[in-house]
Amino acid sequence: DKQGNVYIADGMGTNNRIAVFNRDSNWIRGWGQTGSGQGEFNKIRGIVTDNAGNVYVADSGNNRIQVFDSQGTFKSQITGIGSPQAICITGSSPQFLYSSNSNDPESMDNGEIYKIQLDGKVVGKFGKAGKVPGEFGMVNSLDCRTENTVWVGEVWNWRATRVTLKR
């Protein structure tokens, strides 16, 4: 975040929590546990912060992105975007959130990537599951430093793809 704090999404196994450390690696705080309520998680897959200091957590197992303030207080959630596997926030103004509704290892049902306003309104989506350009196979990382250029990292297709979106 802007203060140099590092947020760690610990969502493997039975751990479902956020840990926060300062720039000197000292523990500051943590929050979360396994569950489906506010501030509870099931398979955390990503975490990002916006320019206002809000923290966005890809709560994949609960099919949502939860939004918190920097202290870990629940603010809102974003739903209707499938199972978020990777998320990123642009550096542009206004900022946008990108989220991949990616495939699990056993299916090719999903693959789209959503473009979302920070208030949760979906303003677009692109892609589908597959192996050819414009299709994605198990997206596990996104980089979106600008509003219209998104780098997509995929496990199944063993590639990183630069996607340039038209306005």
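**Close-up views of a predicted model**

Asn54 is buried, with a relative accessible area of 11%; buried means under 20% relative accessible area, exposed over 50%, and partly exposed in between (1.4 Å probe, protein chains only). This is a predicted model, in which local features need pLDDT of at least 70 and side-chain atom pairs count only at pLDDT 80 or more, while totals for chains, interfaces and linings use all residues. Residues are numbered from 1 along each chain as its sequence is written, and side-chain values use heavy atoms, leaving out hydrogens and water.

**View 1. Asn54 and its surroundings.** You will find Asn54 in the loop between strand S6 (44-49) and strand S7 (55-59). Strands (E, at least two residues) are DSSP runs, numbered from the N terminus. The side chain of Asn54 meets that of Lys75 in a polar contact of 2.9 Å (a pair of N or O atoms within 3.5 Å; within protein, one must be able to donate a hydrogen and the other to accept it, and residues adjacent in sequence count only if both atoms are side-chain atoms). Leaving aside residues up to four places away in sequence, Asn54 also touches others, including Val48, Val67 and Phe68 (heavy atoms within 4.5 Å).

**View 2. Aromatic pairs.** Searching the whole structure gives 6 aromatic pairs. Rings of Phe, Tyr and Trp (its six-membered ring) pair if their centres lie within 6.5 Å; planes under 30 degrees apart count as stacked, over 60 as edge-to-face and the rest as tilted. Tyr7 and Trp31 have ring centres 6.5 Å apart and planes at 70°, so this pair is edge-to-face. Because Tyr7 lies in strand S1 (residues 6-10) and Trp31 in strand S3 (residues 27-31), the pair ties together parts that are 24 residues apart in sequence. Both Tyr7 and Trp31 are buried. Phe68 and Phe74 also pair edge-to-face, with ring centres 6.0 Å apart and planes at 80°. Phe68 is buried at 0% relative accessible area, whereas Phe74 is partly exposed at 23%. Ring pairs link Tyr7, Trp31, Phe41, Phe68 and Phe74 into a cluster.

**View 3. Strand S12 between its partners.** In strand S12 (residues 113-117), 4 of the 5 residues are buried, so S12 is largely enclosed by the rest of the structure. Strand S11 (residues 96-101) runs antiparallel to S12, joined by 5 bridges; two strands pair if DSSP finds at least two bridges between them. S12 also pairs with strand S13 (residues 122-126), antiparallel over 4 bridges. Tyr114 in S12 stands opposite Ser99 and opposite Lys125 in S13.
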